[in-house]
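Hello,

Here is the structure you were waiting for. My notes follow it.

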Amino acid sequence: MSDQNPLTKILALSNDDPKKIVAVAVALCLVCSVLVSAAAIGLRSKQEANKQLEKQRNILQVAGLLDADTGVDQIFEQRIEQRVVDLATGAFTEAVDVASYDAKVAARDPELSTALSAEEDIASIKRKAKYATIYLVKAAEGGDYETVIVPVHGYGLWSTLYGFLALKPDGDEIVGLQFYEHAETPGLGGEVDNPNWRAKWPGKQLFGDDGDIAIEIVKSGATGEHQVDGLAGATLTSNGVHNLVRYWASENGFGPFLKRLSEELAQHG
Ligand SMILES: Cc1cc2nc3c(=O)[nH]c(=O)nc-3n(C[C@H](O)[C@H](O)[C@H](O)COP(=O)(O)O)c2cc1C
């Protein structure tokens, strides 16, 4: 009696038989897809944890707190306090859970975000989340906060740049600007990550004496407290950064929050 097992039947065929070739190819594809899916699922939590650590590393770096001898999570735990700000009022809110709130996800949710008009949308972000997570840097020796870090994003030439703007507690003087995600061209727009360019930001001020937004990226020859030189050969990315910094300093961004900070500092010193 002949063996009816299909597998045995296929294996018994000649290696040149098209049926065997197709069967082996299909079997190989199935095995590989199971392996890739298992790896993707198995590594997902590790990827998320690494993403979170990288974000924390960037937050510490923009505030000048990175220290080769101390772990990122340890410094973050000791020095950073996360709060959620209601962008419309500029006040802290507990309307959403600080641990799980994700402004990127919220910006796609009509209940948690609003569409921007073309006139408002100078950073080309289309929608804005109602709430934003900000980071307060506690002084090492306790007492007042020494830096406030706000998330910023906006379109460059090829991509949306995501980063952090660190400010003194007056909500005006810049401590640093750093991006952790973008797809601008390495060597051109990608020079936003160059430490030499990043070093041009500390000490600059967002607002003029009249309270209006004054920070600007100029093509070259920056002078004074409000101008930063653009990137050579990357005017379009520079324009994107100019627009996004001004957007997040505006009424539609963190304007109301930064105003509160400066008023609080004026009251309490
Ligand atoms: C392949 C390619 C990639 C480019 N990538 C960027 C970029 O990431 N950012 C940017 O501003 N300009 C980029 N440019 C250059 C822009 O097209 C444009 O020439 C430049 O922004 C003008 O800047 P400049 O006035 O400082 O020369 C790229 C050009 C090419 C051909």
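Helix α6 (residues 235-249) has 15 residues and should span 21 Å at 1.5 Å a residue, and its end C-alpha atoms are 21 Å apart, so the two agree. The expected span is 1.5 Å times one less than the number of residues. Helices (H or I, at least four residues) and strands (E, at least two) are DSSP runs, numbered from the N terminus.

This is a predicted model: local features need pLDDT of at least 70, side-chain atom pairs count only at pLDDT 80 or more, and totals for chains, interfaces and linings use all residues. Residues are numbered from 1 along each chain as its sequence is written.

Among the buried residues of α6 are H242, Y247 and W248 (buried: 20 or more other C-beta atoms within 10 Å of the residue's own, with C-beta atoms placed from the backbone).

The open sheet has 5 strands, in the order β1-β4-β5-β6-β7, with antiparallel pairing (two strands pair if DSSP finds at least two bridges between them). β1 (80-86) and β7 (174-181) are the edge strands, each pairing on one side only. Within the sheet, β5 (residues 145-155) and β6 (residues 160-167) run antiparallel and are joined by 8 bridges. H153 stands opposite Y162 in β6.

Which residues surround the ligand? They are L157, W158, E184, T185, L188, G189, A232, G233, A234, T235, L236 and T237 (C-beta atom, placed from the backbone, within 6 Å of the ligand).

Regards

Note on methods: Buried ≥ 20, exposed ≤ 12 C-beta atoms within 10 Å, placed from the backbone.
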